[in-house]
Structures are given as C-alpha cells and as structure tokens.
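This report covers selected local features of one chain. The sequence and model come first, then the notes.

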Amino acid sequence: MIRTAATALAAVLVCAAQQVMAQDAPDLQDAPGLEDLIPDSAVENPEEWAAQGVAVPSTAPEEATPPIDPELAELPEITIPWPDSIELPQLAPLEPDAEAIEFASFDDDIAPLPAGSEERISDELVLVFPADASQFPERAQFRERFDSLSTIEQTDDGDNLARLAAQARRDEELLREMLRIYGYYDAQVIRSIDAATEGGAGDGAGDGDKPVARFAIIPGTRYRFGAIDLGNITAAGIAAEDLRAAFEIHSGDPLSLDKIVQERADLGLALGETGFPFAAIEEPDLLVDHERREGDLTMPVEPGGQYNLGVVTSDMPDFLPGEHLSRIARWEPGELYRRSDEADLRRAILATGLVGSVTLTPVVVREPQGDVPGLVNIAAGLTPGPLRTISGNIGFGTEEGIRLEGAWEHRNMFPPEGMLRVRSVIGTREQLAGITFRKNNFYGRDRILTVDAFASTIDYDAFEARSASLVGTFERVSTLFFQKQFSWSAGLELVATQERERDADRNLSPRETFLIAALPLFVHFDESDDLLDPTRGWRLGARLSPEVSDNEGVQSFYVRSQIDASYYRSVGENTVLAGRIRLASNAGAAIDGVAPSRRIYAGGGGSVRGFGFFEIGPRNSSGDPTGGRSAVEVAAEARIRTGLLDGALSVVPFIDAGSVGEDELPDFRSIKFGAGMGVRYHTGFGPLRLDVAFPINPGPNDGWIAVYVALGQAF
C-alpha cells in the first residue's frame, strides 16, 4: 500500500511540475508552492486524490495549432495508405513435414561415433584412427610425426584443464595441416577433452583425475596428382627422359606435399649429376581442385645447358695454386660435370686446414653446341685461415704414468701444404724432442709424404733406451675428415739406439749400441661405419717390416709382422658388441739378436687391460719382462648407451686376454686375463674413454688395478 501511494504521489508531482513549467511565469515569486499544489487531502489519501486529476488553471493559454503549409495540404502523388489502415493478409499455417525435418533429442538412443583404433600418445593425449587400416595406411609415420610436433607433448605443466584445452586447439590445427600434407583435404578432426581412467584410453568414463585430449581422425578420400608441368625440362635434350624419370611423381599418384619436396630435391640432384651446373628449379605450385579431388602441380625447370669439367683456378696462386687444387679434385678434365665432385673438392680444400672458407664457381669456357656439352672451369675463391697452431694433450695410465705432449706447427710454411712441426714429450717413462716435415696431397689426392727426425729416452721395466731416429713415410691413410676403405703406407726407418736390460738383481746391464734399418709396410681394410666410434662392420690390417740390425759388428736379419682384425655389431638400439684379435711375430733371428725396443710385448690400455704397459711376457729371474718373438691378443666388450647426460654416457664391460712367447709362433699356454668396466663420454669428435681394469690371474709383480684415459674406443 505504501509503495502504491508513493508511486501515485510521484506521478502527481511530475504532472504538477510539468503544468508549472508550461505556464508563463514572469514573476517567480508569484508562482504557487508545493503546499498550494498538494493539499492535505492528497497526503491523507493519495490514490483518491490522484484519481481526481489536476485542474488546469483558467489562465493557461490555449495551445495554438501550427498552420499547415498550403503547398503540403494535398499531396496527390502519395498514394501509400497510413500504416494504421493497412490490412495485412493472414498467412496459412505450415503443415509439419516429418520426413524433411528431424529434431535432435538428447537421450541415450544417439549412436556414438565409431570407436576406431585408439593409440595413446601419452597420459593426456589420445589419437583415434579408422579401424580399417587401409583407410589411412600412413598411420605409423603420421603418429610419429605428430608426436614430435604436438604442443601437448612439448609442454606438460600438470593436470591443468585450461592449459590442455588451449593446447588441444593448436594440436587440432596441426593435425588438419598434417592431413593436408598427406593429401587428405576433406579430412575431419573431432576434438574432445575428457577424463581418463588410470591407465585407460580417455573414453570419458574416467574418474576425473587426469584430463585427456582426444582426437578422432576421419581422413576421408585421399586426393591425387592431376596434371604435372615441369616447364622447360625438354631443353635438356637427350638427358630429358632420364631427368623426368628421376622426378617420380605422375598423374594419378596419391598426393603428398612431402613427396613434392623429396622429388624436387631428387630432380635437382639428377640435374647436378648429369652435367647441368646452371640448372634452376622454381618453387612448386599446387592447385587443388576439390571437385575433381586432384592437385595440379606446376614446377618450372630450366636446365641451362650441359657441360664438361675443365681445371680448377685459384684466386691465391702463391698460397694454393690452381694446379695443386686440380690435383686434389677427383675428376679428369673432359669428364661430365657433377655437383658431387664440386662438393667433394670443397671438403678437401677445407680439410687442408689452410682456409677458413672457400667458394667454388663454375665459369663457362665454351658454350654447348647441339648435343655436344660445353666446358666449365671451377674458380676457387679462398679465404686463408690461421696457419699456426699450438697444441697439447695429456694422458695417464697407472703403469705408464703421466704423459704430456706439446707441439707448434705452421701448416703452410712450404707452399702448397708444406707443414713444419716441432714437438716434445715429457712423461714418467718417456721424453722426446723432434721435428717433422709433412707434405699433404703430395702428387695425388690424400697422399702424404712425412719426414720425422727425433731423439728420445725410454725407461721401462723391461729396458732402458736412448735413441735417435729418422723416419720417412709415403702413405694414404684415413683422417677424421675422410675415412677410407683401403689405406697403405711404405717407408724407410733408420735408428741408432743405446739400450740395456735389467739383470736378475734389477741392475741395468751395460749399454749396447744397435744400428737398425727397416722398410715398414702397412695395409688396412676398413668396412666400419665410423673411425673413432664404430657400431657395425669390420677392420683388417697387416704390418710387415723387414729389418737389419748391427750390434757392435754382429748383424741380424729378421722380419717383424703383425695382423689385427676387429668386428663390430649393433644389438638393439643402444648396444654394440665389439671384438678384436692380434697376432704378431719376429721371425729370422734369435731373441738376443733383436734390440729390446724392437721385441714384442703386451699389456696396457691398447693391449690387455688390467696389466701394466709391456708387463706380459717372458721375464728374467727378478720378474722383469724381457720381451718375446711372438704374441696373441683377444678382446671383447659391450658398449651400452645409458641415456644419461642426454645419451652421451656409455658403460663398457670388457674382458681381454693375451700372451707373449719366446718362439716365432704365438704361445697359447700362458694366457693372461684382464676384465673391468669402462665409461665413455661421447663428444662431437669422438668418445672420451676411461677404463678401470683388474688382472684375473696376476703374477707376483703385477698390480691389482689399472686405469686408462684416452680419446676414442679401445679398438
């Protein structure tokens, strides 16, 4: 009641105010107040008073009706009736068409989407593929690719539903894009976020502990290639047919964007390998026709003419002349241009260590004439690199002790590629000073001439020696840049040495002087997959060195020989089994006619681990090794990647065995065994090796443990 009265009172106040404002009020003091406008009866009974209305004062002027313009009084041109007089026709009601309209209901009778074949990528990601594998044969590759690109897989910050929903939207777009890459342009991806049971497949019936993104993939029909346009490829002449065959996309093939990229690269490779140095391939353009469900591919090709190779020229003839670079190149002038030969030359020039960068540019000498190829020279632009190097390394073995080696070298002191090196060794058992001259690519690719002069002192338990040596070799061997299947070397060695052995009381005998001349020969076959860390394949090497020795007028002639074989095999993804065998012999002279430093020994990090360096073999009455005339060694180890440190760490259990005999043939009766565990840290240039080994059947003078540190595998 109070609310109604207040409302009525407010209405009266508004009306009264409007009436007051409508009157002329020349003198505001004469205007009536609220007490005059609202009598007491209105306050006592506002509803009754409001129903009576408000009387308009007689003094209020009558409202003047505005005059009508005569020109607007009649408008005969306007015939549209006023809206109030329009009678709208009544529309007949439509009859429901049960066949044309179906109303969705939300009951349990709706058939769900086919379950398909689910694959759980992770705890919060599930893909659902068609149950029929023939509808999407790329499933395995598709899943692996998506797994590596998925936003959900790359970021996991707990069971956050909002985060998962945002990432799922991005993954949905990724899936659609990937399906188009495989040629499925009508594909559908149905995304849902639901709860997964522990260990379940995310079917929405879980306990809500973990949100799961679920993607149902309906690939649809795979599109196919339509028209293929390779531009001016026929300008390649007789090579055009082979070039078209190298581009393995044809009309009717299943459409794949990956295939386009791959075949474009293959066509470029084929052009570069069949004499077209100036060939150009434009970016491919794919026009997809959804009505035909085909894609028309246009990829203009300009072969640019076929050429043969000439010589190599250099912009720095005093540093690396063109004649020398032509000798490094793996082609003869007049051979058909091949881009791989150009790339190989670039690697070979960089491998000299003399240049920081190199650019190779084909330069036309003669244009093609009909089917006769033209001629191009290869112009080398060289940027010299640092030529001087100071290097050093350190090694340690429990029996060999510490070994420090340092060197200074100038790699082009005698151009081209004439290196001079000064080196020294300071160690527990060895000291050395020497100078080396080396000429790389000497009258042929990868052929090396080396002359090495050095003086050394050696102090082993077996003997002590002071030697001066001059060694020259001509060789073709593997390097860190170029691993070769076949290597060889031949040389000349001249040695003057004073040596003495220890007697039964461990006293050194008087020094004996030996003058030795040798012709060392070496051949090596390498079918392994890596120089420093092989995982499969085999190696076989043989050394043969006829030698003549003069010991204070007593001459001896003998032949030193050695055969090394190793085998590597991968077992699973993370394990490599490796084994090796070595046979060695000195034939033709008695043991006393051979200098102690030229005898055969075993033991150490590169021999039988667990025993000291040169500690296996015949010994004198005091237990010191005296060396022998033959040796046999075998070793086996398992190189197991652990996954630690991003997969860089491996553990290597191993067992070694070997013996040294006094006869020319190996002695298998006194085999020494060593075993242990190693650790490998794999770097970009090879594994760092740490081995800890124990002798299984040690002698009275053998230690109980041996430790070895080096670069590269043991074999």
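## Basis of the values

This is a predicted model, in which local features need pLDDT of at least 70 and side-chain atom pairs count only at pLDDT 80 or more, while totals for chains, interfaces and linings use all residues. Residues are numbered from 1 along each chain as its sequence is written, and side-chain values use heavy atoms, with hydrogens and water left out.

## Helix α7

Helices (H or I, at least four residues) and strands (E, at least two) are DSSP runs, numbered from the N terminus.

Buried residues of α7 include R163, L164, Q167, D171, E172 and I181. Buried means under 20% relative accessible area, exposed over 50%, and partly exposed in between (1.4 Å probe, protein chains only). Just after α7, G183 has a positive phi of about 95°.

## Hairpin β1-β2

Strands β1 (residues 117-122) and β2 (residues 125-129) are antiparallel, paired over five bridges; pairing requires at least two DSSP bridges. The hairpin between β1 and β2 runs through two residues. S117 has F129 in β2 as its bridge partner.

## Aromatic pairs

The whole structure holds 16 aromatic pairs. Rings of Phe, Tyr and Trp (its six-membered ring) pair if their centres lie within 6.5 Å; planes under 30 degrees apart count as stacked, over 60 as edge-to-face and the rest as tilted. The F129 and F136 rings have centres 5.8 Å apart and planes at 15°, so this pair is stacked. Both F129 and F136 are buried. Ring pairs also join F129 and F136 with F142, Y182 and Y184 in a cluster.

F442 and F474 make an edge-to-face pair, 6.2 Å centre to centre with 80° between the planes. This pair links distant parts of the chain, 32 residues apart: F442 is in the loop between β15 (430-439) and β16 (448-459), and F474 is in strand β17 (residues 463-476). F442 counts as partly exposed because its relative accessibility is 24%, and F474 does so at 30%.
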